[in-house]
Amino acid sequence: MASEVAEMEDLIKAINTTPIIDNHAHPLLIPSALSKYSLLAITTEAHGDAMRTTTSTLSHIRAVKQLSDVLGCPPTWDDVVKAIEAENAKPHHAWQKRCLEGIETILVDDGLDGKDEVYDYAWHDKLTRSECKKIVRIEKVAEEIINELFKNPELAPEDVFGGVREAFEMVIKDAIADPEVVGFKSVICYRTGLAIPPHMSMDDIEDTFVDHITQLRDDGVTHFTRIDNLPLNFYLVNKTAQLISKSPGPYKKPFQFHTGLGDNDITLTTSSPSHLQAFIRKFPTVPIVLLHASYPWTKEAGYLASVYDNVYADIGEVFPFLSKEGQENAVREILELCPTEKIMWSTDGHWFPETYLLAIIQVREALEVVLSEYVRDKALTVPQAIRAVQDILFTTSNDLYGLGLKLSPLPSLTPPPAVSSTSLPLRALPPPSSDLHILTSFLEANPSVKFLRLQWLDYTSILRLRVIPVKRALEMLKSSPHVKIGITKASLGLLQNDTIISGATATGEYNLQAIMSTIKPGPSDGYASIQGEFTEIDSSPVSLCPRSLLRHTLETSKSVGLEFLLGFEIEIVFMSRSHTDGKLSTLYNTAGHSWSASRAMQGSKIIDVLEEIYDTLSETGIFLEQFHPESCSGQYEFVLPALPAMEAVDTLIHAREIINAVVANHGMRATLYPKPFPNMAGTASHMHISISSPGGDDDEVYGPFYAGILKHLPGIIAFTYSNPASYQRMADGCWAGGRWVAWGTQNRETALRKVEDSHFEIKVLDGLANIYFATAAIIAAGTNGEKEKERMVLGDCLKDPALLSEEEREELGVKTGLPKNLPTALEILEKDEVLRGLLGEEFVERYVAIKRGELDLFAGMEEAELKIWTIERY
């Protein structure tokens, strides 16, 4: 008995110390691209709306528990996300290295993503014991070739076809000779299904391709993206196999095929590897790898690998996409027929390092369960089971891909959690998401929080709040699904001095409902902040609610296929406050302060302030991309990360509050006032925006979007320059966006600066704007431009628009000036029927009324008095 236990321990040791050759995976995202994709994708093939219910799948629930064990955080999705963000902020790729522990090398298919969003395959060497190698995705190769030829209007479709054939063959031959390339991959499963005809007429292939190219050009398409459901798909696969089979020497590089499990772009019935039999017979010397366990056709994959010498079965991707039982069944099914030396494994890791981590944890668990069961049932001896582990995780891939690596057991892995995730009781699973669940989980992670700030940004851009003790909030959630309090309807009709404008009323009440998913610690110790939305007492929406307006706008955009990433630059000026009379003055020790000057980063006091801002933001999950001195005395810029639109706006508000609180604690004042000093640079709140939905970087998508914004920009200015002081900053030649309706590539003197593809910067926006209103106006106008297929009538302005000659102005179409003051901007907004209709007549009417109320209020103040009055509030 003792010897049997010892032998079983040997098996378990082998399972946990055998290094992994990951024979199929994809690159990790670079930091700036992380926020473009949902982390929910780590356990599902679903996309878009279908991803909404992912959190109730067994695979997701298990992943949350396993990740929380590794991260040492509570087992909730929100806590896991926050913990991952904190890990990603650490230097030297420590988290990525932890996630890929145990991987010897990765064979990287880098054809899934845009190369500007992911690391190069060789970069992953720093995460593995041995150098990573490359898998060439043949459809990607062909599509890039076609696109380059397609863009040349002088090439006839027949010439494009000839060029594709010649260039494709050359690239594949080069890849066969390239030692960095160890294999090829086809996704024809997605394009036509796997029933590949062994023979096709070249005339038919050419005719259908020529017809397709001709039709694309007739339709005005300028960018070729995908070879889909064409005979050319069959040609590419057959040609690649032919070239592999004819390559010199007995060793042939393997050819991988996506089979089975995939997103909804696949036709499941044609994804069974059994459709490949004719192709397999045609190329008996070409090693063929059936990827992704061919799920749900796993038995078919096992059969093919057992009866054809050149076929191998990969059992990846089911880890972590299937439930625990589903994974174990997949392992059992492949072993029903398939020799272990024909089985290999992969993570199919992509984008997020957590996909690798979960796959590694779960495959080792499945092998332990299944192989231990076979040993106990005498179906395998322990040495045979150990051989199976080594075959699946290392040896089969090492031999098939000609890697020449030595199997050296791993010295040790990060210790597993004390509680095995394979034996968790059901009660340990996270309950369904709810406000009570979110709040209690947050409080477990932040036990010092005693008060909740329930906030709303009013029409004058004053952040108002109610403070609710945590104890009271928990009591409310026992009897109600949401924390909500009654607020007078006058709250959406107040000026800065709390007077009610004409047309608003103190009669009646709204509910202010906490949007619990926005909860973040701060801005002060013991407090947490939550953004609120107004509803009627019967829970129906309020058209005047600032945050609801933006949410509705984003929902409208999403309905037409547009989603966005926003990133904000917080420019803010620190001012000294007198300890005797409280008056404000230029920040101490700022002689020599200038843009990006080292001089402005000297002195322990300012360094302490800046580092405290960074640390406090990081503690709340807001990780700055950079910060630096700006041009004005005491002015600094803090660059926030790109986030989905609503999250970005909520984050901007919270980040400003933290900066204000930290600076105030040091006896200073931080202000967003647009022009605190007349002879110095102004202060803005530039918005970076890109279209993150599929196709967003295509000119035919983002061109009409930005054309729509520019068309309505004079009216939008009423929201982005919402205070009379805003127009003090509007000037030419100051990098402030100028005074003209114009755009230009990398031109900081135009209102819109094109950075790259759909990434633009909105320059004409400052910190006095209600950012919900400004963002809603910008996105609503852009979305309408896309819906109406607005044509970009303005040319790319590459110089200061104020310096254009009349001839240049005529050529570029730069003829419309921006409104020079708030009254003019409000008049233009009222006349813009389209923009009013997009935002809602009732809302625009209330907004204009409040702004005119502000103008009346300001008219009674002296200029110097109004400036200080405004600085103290913004």
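Analyst: **Aromatic rings**

Let's begin with two residues: Tyr702 is buried, and Phe760 is buried as well. Here buried means under 20% relative accessible area, exposed over 50% and partly exposed in between, with a 1.4 Å probe and protein chains only. This is a predicted model, in which local features need pLDDT of at least 70, side-chain atom pairs count only at pLDDT 80 or more, and totals for chains, interfaces and linings use all residues. Residues are numbered from 1 along each chain as its sequence is written, and side-chain values use heavy atoms, leaving out hydrogens and water.

Tyr702 and Phe760 belong to one aromatic cluster, whose other members are Phe564, Phe705, Tyr706 and Trp743. Across the whole structure there are 29 aromatic pairs. (Rings of Phe, Tyr and Trp, the last by its six-membered ring, pair if their centres lie within 6.5 Å; planes under 30 degrees apart count as stacked, over 60 as edge-to-face and the rest as tilted.) One of these pairs is Tyr119 with Trp123: the ring centres are 3.6 Å apart and the planes meet at 5 degrees, so this pair is stacked. Tyr119 and Trp123 are both buried. Because Tyr702 sits in helix α21 (residues 699–711) and Phe760 in strand β24 (residues 759–762), the pair ties together parts that are 58 residues apart in sequence. Helices (H or I, at least four residues) and strands (E, at least two) are DSSP runs, numbered from the N terminus.

**Charged links**

Salt bridges also link parts of the chain, and a search of the whole structure finds 37 of them. Such a bridge is a side-chain nitrogen of Lys or Arg within 4 Å of a carboxyl oxygen of Asp or Glu. Asp109 forms one with Arg137, where the closest N and O atoms are 2.8 Å apart. Asp109 lies in strand β2 and Arg137 in strand β3, so parts 28 residues apart in sequence are tied together by this pair. Asp109 and Arg137 are both buried.

Arg387 forms a salt bridge with Glu341, with 3.1 Å between the closest N and O atoms. Since Arg387 lies in helix α15 (residues 382–400) and Glu341 in the loop between α13 (324–337) and β8, this pair ties together parts that are 46 residues apart in sequence. Arg387 is partly exposed, at 40% relative accessible area, and Glu341 is partly exposed too, at 48%.

A further salt bridge joins Arg464 and Asp498, whose closest N and O atoms are 3.1 Å apart. Distant parts of the chain are linked here: Arg464 is in strand β10 (residues 463–469), while Asp498 is in the loop between β11 (484–488) and β12 (509–514), 34 residues apart. Arg464 is buried, with a relative accessible area of 16%, whereas Asp498 is partly exposed, with 48%.

Salt bridges also form a network that links Glu533, Arg547, Arg551, Glu555 and Asp650. Arg547 is among the buried residues of helix α18, along with Pro546, Ser548, Leu549, Leu550, Thr553, Leu554 and Ser557. Just after α18, Gly561 takes a positive phi of about 90 degrees.

**The sheet around Asp109**

Strands β2 and β3 take us to an open sheet of eight strands, in the order β1-β2-β3-β4-β5-β6-β7-β8 and with parallel pairing. The edges are β1 (20–25) and β8 (343–344); each has a single partner strand, so one side of each is left without a neighbour in the sheet. Two strands pair if DSSP finds at least two bridges between them. Strands β2 (residues 103–109) and β3 (residues 133–137) run parallel and are joined by three bridges. Asp109 takes part in this pairing, with Ile135 in β3 as its bridge partner.

**One more buried residue**

Our last stop is Gln635, in strand β18 (residues 635–639). Gln635 is buried, with a relative accessible area of 0%. Beyond its neighbours within four places in sequence, Gln635 is in contact (heavy atoms within 4.5 Å) with Glu571, Ile572, Val573, His593, Pro629, Glu630, Ala681, Gly682 and Thr683. The C-alpha atoms of Gln635 and Asn747 are separated by 22 Å, and these residues are 112 apart along the chain.
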